[in-house]
Each structure stands twice: as C-alpha cells, then as structure tokens.
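Hi,

Here is the model I said I would pass on. Have a look, and my notes follow below.

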Amino acid sequence: MIEVKHLIKVFEGRGQVVRAVDDVSTQIAKGEVVVVIGPSGSGKSTFLRCLNGLEEFDDGQVVIDGIDIAGSATNLNAVRREVGMVFQHFNLFPHKTVLENVTLAQRVVRKREAVEATDKAMALLTKVGIAEKTNEYPSRLSGGQQQRVAIARALAMDPKVMLFDEPTSALDPEMVGEVLDVMKQLASEGMTMAVVTHEMGFAREVAQRVLFMDAGKVLEDAPPAKFFTAPKEPRAQMFLKQVL
Amino acid sequence: MPLKRRSAQWPWQGLLVVILLGLAVGLWIATKQVNYEWRWERVPQYFAYQDEVAQVAPFAGRVVKIDADGAYSQVHMLPSAGGSPVLITVETDTLKIADGAQVAEDAEIGATRHWRVGPLTEGLWVTIWLSFASGFIGLIIGLIAGLCRISKNPALRGLAVLYIELIRGTPLLVQIFIFYFFIGTVLNLDRTIAGIGALSLFVGAYTAEIIRAGIQSIPKGQTEAARSLGMSVAETMIHIVLPQAFKRVLPPLAGQFISLIKDSSLVSVIAITDLTKSGREIITSSFATFEIWFTVALLYLLVTSVLSQLLFWLERRFARSD
C-alpha cells in the first residue's frame, strides 16, 4: 500500500542543516497497522507528513497504492483524498459546525450530493460516538470529542490509508482512552494505519509493526512483542527504559 | 468580609453634563462675539423644497367653469376659436382668474407645486453611492492585491508591494488629481469614474494589507487539514482560510470603510457634486455658512454611524461559532 524508498528531508535554517528524515526505506502493507515511536525531534512526525506530501521531501520516493506522490505527472490532491490524516491539534474548521466539518470535503472534493454527504457524516459521527453534537461548533467540544470528529472527517473521504500524527498528545489524560478506542476499532476493521504516538500501550496492543526512529533514521523495525521485550539497539533500550 | 462597595458614578456623570453644557455655552458666546445671525430655518429647503410651476392658458378663450376640489381646482376653458373645452388643473390658492373671465393666450391661470429633492439630499446620495461603489471595488482590489502580496511568485508579490507602497506613501488628494488630470485625460474618463477609480485604488491598498494580515493570522494547521483532505489551494482559500480571515478583519475593515466615506469628501476638488461640494455651493447662495457646515458634518456622522452599527451587527452574527 505504501512504499518508501531512501526518503530524505532536510531542514535548513540559521546556518544549521538538520536531516529530519535521513534515508528511510520501509513499506506498509494493506491492512497493516504500523506505529512509529521515538524521542522528540527524531523526525517521526516529519516522516509521516512526507507520506501525504504535506512536507515536500528532498530525495527518495514515496509510492502510495502504485502512485509516486512526487512524480511530475501526479496530482497530489488526488493522492491526498485517498490518504486521511489526523493531527495532534485536531485542526477542525472552527467556522463550521461538526456536521459541516465532516461534509465539506465530501462536497468540495468528492463532489457528493448534500444528502449523501450528510448520511455518510451522520453514520461516521455515530460510529465515533458523537452523533448528538452534529450542530455544535468545534469550540463547544472537549479535546477528545474534537479529535473524534477529526477522525470522522478524515474517514468521510473513504481513504485507503489513515495517518495519525500524535493524535492523543494534546488531550487531557482522561480523554485519551476514547480516541484510542476509536483507533482500535478502525484497526480491527482492517484499515491501513501509520500512527506516530507516545502511547506504548496502543503500540503493544494494536500495532503489527513498530518503527523506532532516532535522528531521522529508522533504527528498529520489529513486531511489538519483540520490540518491547528485546530491543536490539542501545538507543531503543534507553528510550524504552525512560518511557516504560 | 463585606463586598467592596463600588464607588458612585453619578458625580462623574454630572461632571460630564456640566462639561458638555459649558462647551455649548462657549459655542453660543463665540458666535455672539462674531455677530453671527443663525438662520437654521434656511436649511430644510436644501433637503427638499416645493417647486412652483406656472400653468398658462394654451390659447385665448373663456373660463366656463371652475371646480374647486379642496387643494386643487379644475379650470374648464373654452377656446374662442371654437372647439371642445380643455381642463387645466392648478392649486386652489394660486388661482389667478375668476369664473367667466376672458383669458388671453399664455396668460397665467395658476400654478402647480411639486416636491423637489434639494442639493443636500442629492449630495448626500452622491457621497453614499460613490463610497459604496469605491468600497466594493476597493474590497475586490484589496483581496486580489492581498493574495498577490503573500503569493510565492516574486512578480506578483513585487507588483503588490509596489502598488501598496505607492498608494500608502502619497496623499489621497494628490492621487485624485493624478487620476483625474493624467489618467482621466489619457483614457478620456468621466470625472465620476475618475473619482471612483482614485478612491477604489486608495482603499484597495489599505484593504490589501488588512486582508494579508488576516490570512496570515489563520493557523497553518487549518491549511494543512484542508490540503490533507484533498482540497486544492484555491478550494482551501475559499472554504477555509478566507471565511475565517474575513471574520477576523471585519473590525479593521469597518474602520477603513468609515474612513472612506469621510475621505470621499476630497473628490469635491474635481468638481464631483458630493455632500461637501453641495454644501459649498449652497453657502454661496444662502450665506448660512455655519448652519450648512454643521448640517454637512451631521450628515456624514449619520452615514458613518449607520454603517458602523451595520458592521457591528454583522460582527456579532459571525461570532456565533466562537
């Protein structure tokens, strides 16, 4: 489903050159849940953002469902509608109601009729357990509720892949569970997911593979059972000692 | 512990009244000093007045009958050359002939009165539509220039910066002269078009900066969320960024448009008969200098406060999603 070859992303500024993603190659199969973990500044968010072209990478190749996203003939907007993304700070549209947040892209991008888009939105909002708030504005919702709406908004486009960029990091602790539950449900339904997170429990329980990144490189690529019990890399061992 | 008592407001409100009264008295004394004779009764006629149109006999003949019907009188005239009688309607109190009188051709029978719009009303209307036309065009220019200003294309950005700096760095009065005497002559423009053009370009430059600031104040995450859903740059602008930016810049935009109404008085220098020019013209015939200028000022104040109330209402409507 996703194939990444020798991906490089360099940030330049104030005379410093940071190789945020440094020669990463990996692939994510259809229906697979991959969790990316690592210390802050390790490039895991940047790596995820390269996967749907939000971050323009400097070298390498990202192929999604057979389409090279940096190809000269590729319509990046067409690729992005197949790749859902959930952000750390939700990024709901504050001037739209919950329902409009979920229907807008369906109408504008997928050109769906109002009735069809609303039905789809209602079904998804019910699924994420927030159907009673459809006519509220996002500012009236708690963080956990906002993030669930954001997930519904991404799912409304019928994406083939979902990217999660630290979806629970900005939430109050008691709201983390409700968002993780939705993500677990998605995983069990066979959605292809790439998740950047600090929730080790989620990684252990749901992930098929764990990528450990540090300084822009993928140091470990192993099933969670193996990664959490017997990490090979000393840096991964250090990291796990600190977070667990 | 008892709650802290709020200090009384009434002494200060009393002071306010005293100060305002003092100002009014000062104004009155000042006009006494210059021996100015106030003639407020002359002002209303410049808003609207009754025009008398003399009605004359279309031919020599005889009045055969006068039907007085309240304010109007129907005068039946029989031509002396023969033929059917003709009906002439005049105001009863202007009737100059009696029943049965012989009337020569073109002799005045009476008059009719019509309400006419006075020069102050006409000037006010010109000011209003001139400001709204320039405001609307200026908003469109400002939107385009503002978008060019943040464009990644250096040519577009350079043009926008040049335009904004040129307009903001020169006086509006000079711009109006240049627009009328230079551009207006080259392109053979009507003075009204030249006036609207100069005002639109002027307000467009300020609007561009306001809109640029508004767009840049919208968090990057909004654009990223929209783009990640597959929206194009234009769709993101139209559906996500501009509506939010517009809501934020409404107060400064409102201020800009209120200034525009006031600045529009400068177009009177190219002989557009707006409120200010009407006022000047009236003064030459009425000599009621103080009254007319106070009236003109009051009319500007009226328009600007109606507009600011309207925008305030709009702002509150937009605040629903906060």
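Is Asp58(A) buried, partly exposed or exposed? Asp58(A) is partly exposed, at 48% relative accessible area (buried is under 20%, exposed over 50% and partly exposed in between, with a 1.4 Å probe and protein chains only).

Some housekeeping: this is a predicted model, where local features need pLDDT of at least 70 and side-chain atom pairs pLDDT 80 or more, while totals for chains, interfaces and linings use all residues. Residues count from 1 along each chain as its sequence is written, chains are lettered from A and ligands numbered from 1 in the order written, and side-chain values use heavy atoms, without hydrogens and water.

Back to Asp58(A): you'll find it in the loop between helix H1 (44-51) and strand E4 (59-64) of chain A (helices are DSSP runs of H or I with at least four residues, strands runs of E with at least two, numbered from the N terminus).

Two residues have a positive phi without being glycine. His6(A), in strand E1 (residues 2-13), has phi near 45° and is partly exposed at 49%. Asp23(A) sits in strand E2 (residues 16-28), with phi of about 60° and a relative accessible area of 40%.

Now the covered parts. In helix H5 (residues 143-155) of chain A, 13 of the 13 residues are buried. Gly38(A), in the loop between strand E3 (33-37) and H1, is buried too, at 0%. Its C-alpha is 5.4 Å from that of Phe212(A), although the two are 174 residues apart in sequence.

Cheers

Methods
The expected span of a helix is 1.5 Å times one less than its number of residues.
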